[in-house]
Amino acid sequence: MHMEQTCDIELRAETLLAQMTLEEKVGQLNQQPLTNDISALEQGVRSGAVGSVVLAYTPFAGREHRRDQTAQRERLQRIAREESRLGIPLLLGRDVLHGHHTVFPIPLAQAAAWDPALAGRAAELAAAEAAQDHVNLIFAPMADVCRDLRWGRVVEGYGEDPFLSGRYTRSAVEGFQRSTAISACVKHFLAYGGVEGGRDYSGVDASQRQLRSVYLPPFAQAVAAGTDCVMAAFNDVNGVPVTASAELLTGLLKGELGFSGIVVSDWNAIGQLVAQGAAEDRRDAARLAFLAGVDVDMCSGCYAEHLAGLVRDGVCPEARLDDAVRRVLRVKLRRQGLRPAPPARKEAAAAALELAQKSIVLLKNRGGVLPLSPGGPVALIGAAARQRRIHLGSWTLDGRAERTASIAQALRGRREIVLSCCDDPQRARRAAAQAETAVVVLGEPWDHTGEARGSAALSLSEGQLAALRAAAGSCRRVVAVVCAGRALCLSEAEQYADAILCCWHGGVQAAQAIASVLCGDVCPSGKLPISMPRHVGQIPLCYSQRTAARNIDSYYGPGDIASYLDCSAAPLYPFGWGLSYAAFSYGPVSARWSGDRLCLEASVRSTGARTAQEVCQCYIQPRGAGRAHPARLLRGFQRVELAPGEERTVRFILGPEELSAPDETGRDRLWPSYAAWIGGDCLTTNQTVFRIKDGWAANARGQKGCAREHENSHRPRQAHHPERHSGQGQGRRRVFPQQRGAGHTRRAGGGQLSVRRRHPLRLF
Ligand code: NOJ
């Protein structure tokens, strides 16, 4: 945004603020859900008591089925603009996690495509569709790195790795906000993906190193990309609910990262502070959340009930109230652009198809059973083969199953099919006996992942496994197609299937994508964004875990010194894993300094018989300085397309940003030496080692500081920054600079209250 526009927005925000009553200010911070008593909501909007609306009726919006809201939204917005005193528009928020009418693959599947730019394009298309339905605030992307596969919300994020999640989060924010009419709300800050035991909403105990190296990076990327809004997480971190954590919200997010947009609570999270034991009552909850840095209260009503009183009583400074309202006004003023044009349905469908195809991961292909041969009949087995809704996944509030196809429909006409669309083993056996290849469709229903949808077993159903076993008993070539919202334990399926395609919940074009990969029109090129366990008892399981004291490959590699007695410690399939119908070989890694950046290179050659894409990955491991380090850290990736026999050099340039990692105090630093790998998955052995150049580290750290300064495009000018920290070390004190401007009067008690102007200036 240009400097002039920013100044104009700041000026208009100040002018508005100066005209607002205390109640109107609190109203801007009150976000309400849809309700059956719509006239009460309309009256709230008219009176200025409601500043934004969640376009959902229940806290579990991801499983909601109500439609018919478009006219209602338009009416609410019109009331805000035309009938409220100041004409301030509403934020109308909806969860558009992976598409609106056009449903794209679930975010976890998008990450398997290792193509953040394409995911960004999908976000842009989704935003344009949502805007037609009067949505102007999108509660996405979900930037929570997932460290426990049992957590049901793994479906909504980009997997286990902070670097990959960061790239996707950034692209999604940029995609959603490409239009000047839409705001993104990245969620859930912070560490929600680390909830104990994968139990939704529970607590997280995490060191500074863990918080900053694992959970923070995607949020830092979102802030750098200019996200308008950040949602605070439900969970506590080290015993302090994030909703009440001044350290995380004001210190880390608004202070250190320089986030100048809106911090919104999650649904009723402020009210829940009482249940968590953090607040004594709802007034105390409002006080805690507000002083911690939550600007907008989503659906608890605590701010509406108590905030004005808390300000009047001098418990909460009015300068903090002005800061919160200013944040809201800035976003509303910034997003007054024209609604984006509705995307052509064909274009959106083409993007959905490409993303679905790229997200499919070929986990196994014994004897090259895939692609299906053109001639022989195929037995298509399993109840999921005839289902359509399964492909949309959870959090698809506006998607329609009618717009998608089943795998059976998509394969019809391409191969001779013997259909057995149920999980009955007898019928599976009969169908498989008549076919050259049995394709067994397995997976989990769309509503088995999402909010409060944890899984303790992570297994396929017994019925599905029985059908697979039966098929394997009567057919020599068995392919398992797995449609799931998470990484399941596929050890048993792996014993019976010659090939396994991990197809996730792939969206509106999933079935066509699966058919094109099965038939070989498209070469699979997805790679796992999350480790696939053999057994649920291995969890937590993550490629970047710290190297163990014995067994160089830690618990994650192929070695077995550190294994469990009853199970190998290695994952069934590691992070970054994915096969192709072609094959690739990598040349040795070379490292050289280019100025003050490190350039890592390796050649990659296609040894297969067809043109195909490969996702080349670059990992590092810091070494030395008396610390145990993560076994590997992803620091770069590139998708390349190679014709048969073609060779290319892939190059990864690493600067201080990529080479530094936090120490135990959370401070980012460079380390004495590093190992680096380039290859096709996280267990590649294609390695080199290098040392940090003399004198480079100090320089590089300085540069990093500068880079941070530039990252935040919306950082307000000092004059408008409401809260500044003064002093250093122990004596840090919050300073609320006095606001000046029309409409402010000084209050006897020392706080500032605004006066109501008879003829307000309408600035929207
Ligand atoms: C609760 C969920 O945790 C959050 O992700 C979602 O955005 C809100 N509900 C609104 O639906």
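Two residues are in contact here when they have heavy atoms within 4.5 Å of each other. Keep that in mind as we walk through this predicted model, in which local features need pLDDT of at least 70, side-chain atom pairs count only at pLDDT 80 or more, and totals for chains, interfaces and linings use all residues. Residues are numbered from 1 along each chain as its sequence is written, and side-chain values use heavy atoms, with hydrogens and water left out.

Let's start with Gly 87, which sits in the loop between α4 and β3 (91-94). Helices (H or I, at least four residues) and strands (E, at least two) are DSSP runs, numbered from the N terminus. Leaving aside neighbours within four places in sequence, Gly 87 is in contact with Ala 80, Arg 81, Arg 762 and Phe 764. Leu 763 is 676 residues away from Gly 87 along the chain, yet their C-alpha atoms are separated by 7.7 Å. Is Gly 87 buried or exposed? Its relative accessible area is 3%, so Gly 87 is buried; that word means under 20% relative accessible area, while exposed means over 50% and partly exposed is in between (1.4 Å probe, protein chains only).

Now step back to the whole chain. It has 22 helices and 30 strands, and 62% of its 764 residues are buried. Take the contacts between residues at least 6 apart in sequence: 77% of them join residues at least 24 apart. The accessible surface of the protein chain is about 28100 Å², and carbon and sulfur atoms account for 48% of it. Such areas come from the Shrake-Rupley method with a 1.4 Å probe; for residues, only the protein chains shown count as cover.

Next, the ligand. Which residues surround it? They are Pro 59, Ala 61, Asp 95, Phe 139, Arg 153, Lys 187, His 188, Met 231, Phe 234, Asp 266 and Glu 451, where a residue counts as near if one of its heavy atoms lies within 4 Å of the molecule. Sorted by class, this shell has 5 nonpolar, 1 polar and 5 charged residues. In that sorting, Ala, Val, Leu, Ile, Met, Phe, Trp, Tyr, Cys and Pro count as nonpolar, Asp, Glu, Lys and Arg as charged, and the others, Gly among them, as polar.

Some of these neighbours make polar contacts, meaning pairs of N or O atoms within 3.5 Å (within protein, one must be able to donate a hydrogen and the other to accept it, and residues adjacent in sequence count only if both atoms are side-chain atoms). A side-chain N or O atom of Asp 95 is 2.5 Å from a ligand oxygen. For Asp 266, the distance from a side-chain N or O atom to an oxygen of the ligand is 2.6 Å, and a polar side-chain atom of Arg 153 lies 2.7 Å from a ligand oxygen. On its own the ligand exposes 300 Å², and the protein buries 100% of that.

Charged side chains also pair up within the protein. Side chains of opposite charge can pair when their charged atoms come close. A salt bridge here is a side-chain nitrogen of Lys or Arg within 4 Å of a carboxyl oxygen of Asp or Glu. How many salt bridges does a search of the whole structure find? The count is 43. One of them joins Glu 42 and Arg 75, whose closest N and O atoms are 2.8 Å apart. This pair links distant parts of the chain, with Glu 42 in helix α3 (residues 38-47) and Arg 75, 33 residues away, in helix α4 (residues 70-83). Glu 42 is buried at 8% relative accessible area, whereas Arg 75 is partly exposed at 35%.

Another salt bridge brings Asp 313 and Arg 283 together at 3.3 Å, N to O. Asp 313 lies in the loop between α13 (302-312) and α14 (318-334) and Arg 283 in helix α12 (residues 282-292), so the pair ties together parts 30 residues apart in sequence. Asp 313 is exposed, with 53% relative accessibility, and Arg 283 is partly exposed at 30%. There is also a network: Lys 254, Asp 295, Arg 320, Asp 323 and Arg 327 are joined by salt bridges that share partners.

Finally, visit Thr 227, in the loop between α9 (217-224) and β6 (229-232). With 2% relative accessibility, Thr 227 is buried. A polar atom of its side chain lies 3.1 Å from the backbone oxygen of Cys 229. Beyond residues up to four places away in sequence, Thr 227 touches Val 173, Gln 177, Ala 184, Cys 185, Val 186, Ala 222 and Phe 259.
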